[in-house]
Amino acid sequence: MNPPHVLTMKDIARMLGVSVATVSRALQDSPSISKKRREEIQQFAREHNYFPNVIAEQLRNSRRSPVKMIGVIVPELVHYYFSAVLSGIEAAADLKGYRILVAQSKEQYDREVKICESFYHNKVCGIIVSQAKDTVQYEHFKKLEADGVPLVFYDRICPVLNASRVVVDDYMGALKAVSYLIERGCRRIAYYGTSHNMEIGKNRFNGYKDALYKNGLKFDESLVKMCDTRAEAENITPQMLRLENRPDAIFAVNDETAIGALYAAKHMGFNVPEDLSICGFTNDYGATACDPQLTTVEQRGIEVGREAVEILTGLVEGTLQRGKAEKRIVKTRLVVRGTTR
């Protein structure tokens with residue numbers, strides 16, 4: 001069954017033998033149209049159940065008065081951190097009179113490109129984005145920047161653009177976490193990380209490595225695994241724990257991965273933290289739902305979202321200079337719980 005036709009101003013103009021501009025002015029009760037003609041067009045619209053397309057009207061007027069709509073790209077909403085960032089964005093945007101339009105890239109480059117194109121065509125006033133894991137080409141971001149669309153990156157930033165950004169202090173968070181593990185007696189600390197094409201992967205890895213060096217421990221490549229999901233951690237951890245010189249601690253790039261390692265270790269009969277200490281990075285709901293509860297680095301996603309909105313609205317409203325990247329760092333903190341000695 002075909003959907004019913006929705007009456008447009010163009011239809012009204014054709015049926016009444018007038019221009020679309022005349023219909024538009026009449027429906028806005030403009031005095032530039034005679035009272036008789038206004039009433040005739042308004043009555044016709046009422047009788048035919050015409051409803052104006054408010055969004056289309058906003059977009060038509062956007063050159064005169066920009067639509068206060070912020071586009072937000074989230075890699076995946078199922079992750080606590082991204083949901084927390086989104087909550088911060090929504091709250092801050094609402095306070096400033098902006099609305100948000102949210103889309104998930106689902107960690108796919110092609111989907112991310114299409115979302116950027118859609119946001120551009122819908123004339124959002126700016127975009128807050130955390131790029132997908134597999135994004136290694138950046139022409140879609142370069143085009144937005146060239147076309148004057150303000151961009152603010154969070155968490156995962158575009159390495160080829162000197163764009164505004166909000167990040168947590170990934171390096172220092174990792175440095176402090178691994179240093180704490182060493183202070184508690186751990187000497188062979190495995191690192192479960194993510195790709196170094198993303199700044200967060202590079203910075204957390206550097207924090208891990210520097211903590212070893214600063215505490216007089218040698219870096220061992222065999223203890224480093226590209227592993228950033230629970231499923232991967234459940235698969236890799238048994239292999240690591242069967243090594244003759246096995247790790248006595250695992251530092252994971254996120255809580256989901258750390259909990260996967262915890263599950264696998266307990267399933268093999270290891271006691272945590274007596275036999276193996278584990279530390280994550282996020283402080284999501286799962287960190288207190290596991291047994292023992294997870295030691296982790298808190299990212300403060302809500303604050304990241306608020307800062308991103310502050311920057312974007314500043315760029316849109318002119319209180320921040322366009323062309324000059326605004327860079328803000330949100331501090332992390334180590335939350336010590338039961339998975340470390």
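Q: What is a salt bridge?
A: A salt bridge is a side-chain nitrogen of Lys or Arg within 4 Å of a carboxyl oxygen of Asp or Glu. Side chains of opposite charge can pair when their charged atoms come close. In this predicted model, the side chains of arginine 333 and glutamate 298 form such a salt bridge, at 2.7 Å from N to O. Arginine 333 belongs to strand 12 and glutamate 298 to strand 10, so the pair ties together parts 35 residues apart in sequence.

Q: Is glutamate 298 buried or exposed?
A: Buried means under 20% relative accessible area. Glutamate 298 has 18%, so it counts as buried. Arginine 333, at 47%, counts as partly exposed.

Q: How many salt bridges does a search of the whole structure find?
A: The search finds 16. One of them joins aspartate 228 and lysine 133, at 3.2 Å from N to O. Aspartate 228 lies in the loop between strand 7 and helix 10, and lysine 133 in the loop between strand 3 and helix 7, so this pair ties together parts 95 residues apart in sequence. Aspartate 228 is buried, at 13% relative accessible area, while lysine 133 is partly exposed, at 29%.

Q: In what order do the six strands of the open sheet lie?
A: The order is 2-1-3-4-5-11, with parallel pairing. Strand 2 and strand 11 are the edge strands, and each pairs on one side only.

Q: Which residue of strand 5 is the bridge partner of tyrosine 154?
A: The partner is valine 166. Strand 4 and strand 5 run parallel and are joined by three bridges. Helix 7 lies across strand 3 and strand 4, at about 140 degrees to strand 4.

Definitions and conventions: Residues are numbered from 1 along each chain as its sequence is written. This is a predicted model: local features need pLDDT of at least 70, side-chain atom pairs count only at pLDDT 80 or more; totals for chains, interfaces and linings use all residues. Side-chain values use heavy atoms; hydrogens and water are left out. Two strands pair if DSSP finds at least two bridges between them. Helices (H or I, at least four residues) and strands (E, at least two) are DSSP runs, numbered from the N terminus. Contact means heavy atoms within 4.5 Å. Axes are lines fitted to C-alpha atoms, for helices over the stretch in contact, and angles run from 0 to 180 degrees between N-to-C directions. Buried means under 20% relative accessible area, exposed over 50%, partly exposed in between (1.4 Å probe, protein chains only).
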